[in-house]
Amino acid sequence: MPKSFYHFNPKTLTYEKVKLSFKQVLKRVGWVFASGFAMALIFVWIAFYFVDSPKVKILERENNELKGEVEYLTSRMEVMSDVLLDIEDRDDNVYRTIFEADPVPATERYPQILDDRRFDSLSRSEAYVLLKDANKRADKLTVRLAAQTKSLNELEKIVNNKAEMLSSIPAIRPLKNMYSITSGFGRRYHPVLKQLRAHTGVDITAPKGTPVYATADGTVSSENPGSGYGIAVVINHGYSYQTLYAHLSKKAVRAGQKVKRGQVIGYVGATGLASGSHLHYEVIKNGQRVNPVYYFNVDITPEEYNKLLESSKRVNQALS
Ligand SMILES: [Zn+2]
């Protein structure tokens, strides 16, 4: 049933029925709806912009907490970076210098190109900018730590090789009680051949049977240095070093045997061209005879060393 509208006529003081067309009715209804909708929109807008919902408040608090955590993380990485910088500095300027290794190139420690495309999707709010920065720092630290680890591994290898090298270089005295060198390195009068000849080692007087020690790690050579040397032991040490122990009364090792520094390899005697019981000791580097006195440097005090050096300089007759 269609609704009826009445209009009060003050002249007739009666209500008169108003006749509205369907179009007019539709228009009025439309206005009512439109204004209601507009009011609703205004209310919603006010609610969104001026009143935070509890959910938004929770998210905001969480966001602030996260920002704080990221900032804290960044400051901790800053400290780590400083510590690492100190280690890198010591690595390049102390450790690698001691072991004669080149410093780690800067391009290895701090590569310029770090792929940060993966952060592109993050560049939005302040919190994300902080997070992006923290991520980049973490990436740089990872790269620097990897480079540092590699460097230390290299040094470890060098140290191990050095240790082997050090134990393979002649460094102790071949006789325990060796207070003086009877005859030194250089031109000496040969006691048997009765002429001036290059004395290619040092002579140390000792009673027959005195133990003779290997002066470094190595392998006993099968090489025979010549009949003049009598019963002799030659040790190959590697790193271009050899030592020779001559005029022995007896050998304590055989060719091919591995020996350690300080191991007894034979006993003092006077075999070969020798004028008395003594040890003739030679150090050979790259095939060249060198003065053995310079290689008595491990088990000796500076005073003892000077005494040996002085006695080795005496130009006298060799025991050969
Ligand atoms: Zn000699």
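## Helices α2 and α4

In this predicted model, helices α2 and α4 are roughly parallel to each other, because their axes cross at roughly 25° and angles under 35 degrees count as roughly parallel. The two axes come within 9 Å, with α2 spanning residues 54-98 and α4 spanning residues 126-168. The crossing in which α2 passes α4 is left-handed.

Sorted by class, the residues that make up the contact of α2 with α4 comprise 16 nonpolar, five polar and 11 charged residues.

When neighbours within four places in sequence are left aside, the contacts of I158 are with F99 and A101.

For the pair formed by I158 and A101, the separation in sequence is 57 residues, while the C-alpha to C-alpha distance in space is 8.5 Å.

## H237 in strand β8

Strand β8, which covers residues 231-238, includes H237. This histidine is classed as buried because its relative accessible area is 5%, and the cut-off for that class is under 20%.

Two partners are found for the side chain of H237: the side chain of T243, with which a polar contact is made at 2.7 Å, and the backbone oxygen of A216, which is reached at 3.5 Å.

## S312 in helix α5

S312 is located in helix α5, which runs over residues 302-313. With a relative accessible area of 3%, S312 is buried, since this value falls under the 20% limit that defines the class.

A polar atom of the S312 side chain lies 2.8 Å from the backbone oxygen of L309, a residue whose number falls within the range 302-313 given for α5. Beyond the residues up to four places away in sequence, which are not counted, S312 touches I181, G184, F185, R188 and V293.

Note on methods
Residues are numbered from 1 along each chain as its sequence is written. This is a predicted model: local features need pLDDT of at least 70, side-chain atom pairs count only at pLDDT 80 or more; totals for chains, interfaces and linings use all residues. Side-chain values use heavy atoms; hydrogens and water are left out. Helices (H or I, at least four residues) and strands (E, at least two) are DSSP runs, numbered from the N terminus. Buried means under 20% relative accessible area, exposed over 50%, partly exposed in between (1.4 Å probe, protein chains only). A polar contact is a pair of N or O atoms within 3.5 Å; within protein, one must be able to donate a hydrogen and the other to accept it, and residues adjacent in sequence count only if both atoms are side-chain atoms. Axes are lines fitted to C-alpha atoms, for helices over the stretch in contact, and angles run from 0 to 180 degrees between N-to-C directions. Angles under 35 degrees count as roughly parallel, over 145 as roughly antiparallel, 65 to 115 as roughly perpendicular and the rest as oblique. A crossing is left-handed if the near helix is turned anticlockwise from the far one by less than a right angle, and right-handed if clockwise. Ala, Val, Leu, Ile, Met, Phe, Trp, Tyr, Cys and Pro count as nonpolar, Asp, Glu, Lys and Arg as charged, and the others, Gly among them, as polar. Contact means heavy atoms within 4.5 Å.
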